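Open the model in a viewer and keep the selection tool ready. The stops below can be taken in order.

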Amino acid sequence: MRANILLAIESSCDDSSASIIINGEVKSNVTATQEVHKEYGGVVPEVASRSHEVNIIPVVAKAISIAGIAKNDIQAVGVTRGPGLLGSLIVGLSFAKGFALANDIPLIEVNHMQAHILAHFAEKPFPEFPFLCLTVSGGHTQIVLVKDYHEMEVIGQTLDDAAGEAFDKSGKMMGLDYPAGPIIDKLAKEGKAIYEFGIPKIENLDFSFSGLKTSIRYFLRDRIKENPDFIEQEKENICCSIQTSIVNILMAKLKRAAKETGISEIAIAGGVSANSFLRTELERCGLKHGWTTYIPKFEYCTDNAAMIGISAYYKFLVKDFANQEITPAARLKF
Ligand code: KG4
Ligand code: ZN
């Protein structure tokens, strides 16, 4: 049988990424991360789309070369249609459409959030359907009931900030670089969770991080009044306290979702799933509650094209192709 070779493109935020998937296996996954946003303390959409334009062709060329294939071997191109920044999505989608048209191959549209979840099918062991996935990124926080590769239901989501945003905004208040999530994770390893912040009281499976953010803001303001060097002297303990609060909020809802649905196959996905405390907490709860847990490899946590390629592969198998008229969708739903 002829090998099934797909090219995948991801450009929804500030990472330009391309991947080659052969028979459902990742053969290359090349990402150009845009460092330029650090100066601004967050992603500047216009700068991001311009950087994608510069990066997209070299990233695709490298992914093809690492996989050791020829451009003509590619049988379909998968691409993120949304959700994400419109200007960033346009670059990847336009490139993918052009590539599909020029090579006379099908185009496959992929939902970025579903792709974070399907990243779990990049490497065995695969989760068994149905499973629950806590999907936590810079823009989203969701608990998803995953029924199969194509059918997913969001059963809980954030009412305000995303978990990644909670990390990034708290870090910004402390004067840390963007994205602050990984920096907080690193500093927290040297500290203790000695400070307590507001915990939201929401009855269902939804999340809220705005109260926590306000609580951190006032806490820092009051402590700095007493001691102007408070953040510098206490940064490890502050980071550990912030991280513990965010992870506790996430885990409380995940436990509740597992209990309510009776599902014990539990996964995490998205940029924040790289967080070391979330990873250990998931394992600890897994042992305690008899869950089978799935934690992605670091390279598949943050944005990458391999997850787009894996999602495209399962759509390719059922010939779920897109037409050339599709447009990017900043708020694409499931
Ligand atoms: O999924 P992702 O790469 O991009 C989006 O689709 O948003 O997620 C990026 C988010 C950022 O908010 C970043 O701070 C957070 O993931 N993040 C982390 C860690 N690594 C990345 N948050 C906490 N701990 C980490 N180790
Ligand atoms: Zn993402």
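Select K319 to begin. In this predicted model, K319 is exposed, with a relative accessible area of 65%. Its place is in the segment after α9, which covers residues 305-317. Check the backbone torsion there: phi of K319 is near 55 degrees, a positive value in a residue other than glycine.

Next, go to N23, in the loop between β2 and β3. N23 is likewise not a glycine, yet has a positive phi of about 50 degrees. Is N23 buried or partly exposed? N23 is partly exposed, and its relative accessible area is 40%.

Now select residues 45-67, which form helix α1. This helix has 23 residues and reaches 31 Å from its first C-alpha to its last, close to the 33 Å expected at 1.5 Å a residue. Where does α1 bend? The bend, about 40 degrees, is at N55, and the proline P58 follows within four residues. N55 is also one of the buried residues of α1. Show the other buried side of the helix by selecting A48, S49, S51, H52, I56, V59, V60, A63, I64 and A67. What covers the buried residues of α1 includes the strands β1 (5-10), β2 (15-22) and β3 (25-33), together with helix α2 (86-103). Step past the end of α1 to G68, where phi is positive, near 70 degrees.

Move on to α2. It has 18 residues and reaches 25 Å between its first and last C-alpha, close to the expected 26 Å at 1.5 Å a residue. Its buried residues are S88, L89, V91, G92, L93, F95, A96, K97, F99 and A100. Note that this list includes a lysine, K97. Which elements do the buried residues of α2 pack against? They pack against β1, α1, β4 (76-82) and β5 (107-111). α2 is followed by D104, with a positive phi near 55 degrees.

For another helix, select residues 230-261, which make up α7. α7 has 32 residues and reaches 44 Å from first C-alpha to last, close to the 46 Å expected at 1.5 Å a residue. Center the view on E236, where α7 bends by about 60 degrees. G262 follows α7 and has a positive phi, near 75 degrees.

Two peptide bonds come next. Select K124 and P125: the bond that joins them is cis, with omega about 0 degrees. P125 lies in the loop between α3 (112-118) and β6 (131-136). Then select Y178 and P179, which are also joined by a cis peptide bond, with omega about -10 degrees. P179 is found in the loop between α4 (163-173) and α5 (180-188).

Stay with Y178 for the last stop, as Y178 also lines the largest cavity. How many cavities of 30 Å³ or more does a search of the whole structure find? The search finds one, and the largest cavity has a volume of about 30 Å³. To display its lining, select G41, D168, K172, L176, D177, Y178 and A180. These lining residues divide into three nonpolar, one polar and three charged.

Key: Residues numbered from 1 in each chain as written. Chains lettered and ligands numbered in written order. Predicted model: local features only at pLDDT ≥ 70, side-chain atom pairs only at ≥ 80, totals over all residues. Heavy atoms only, no water. Helix = DSSP H or I, 4+ residues; strand = E, 2+ residues; numbered from the N terminus. Expected span 1.5 Å × (residues − 1). Bend = angle between axes of the 7 residues up to and from the residue. Buried < 20%, exposed > 50% of the residue type's maximum accessible area, 1.4 Å probe, protein only. Contact = heavy atoms within 4.5 Å. 1 Å grid on protein atoms, 1.4 Å probe; cavity = no way out; pocket = protein on both sides within 12 Å on 5 of 7 lines; lining within 4 Å. Points joined across faces, edges and corners; volume = space filled by probe spheres on them. Nonpolar A, V, L, I, M, F, W, Y, C, P; charged D, E, K, R; others polar.
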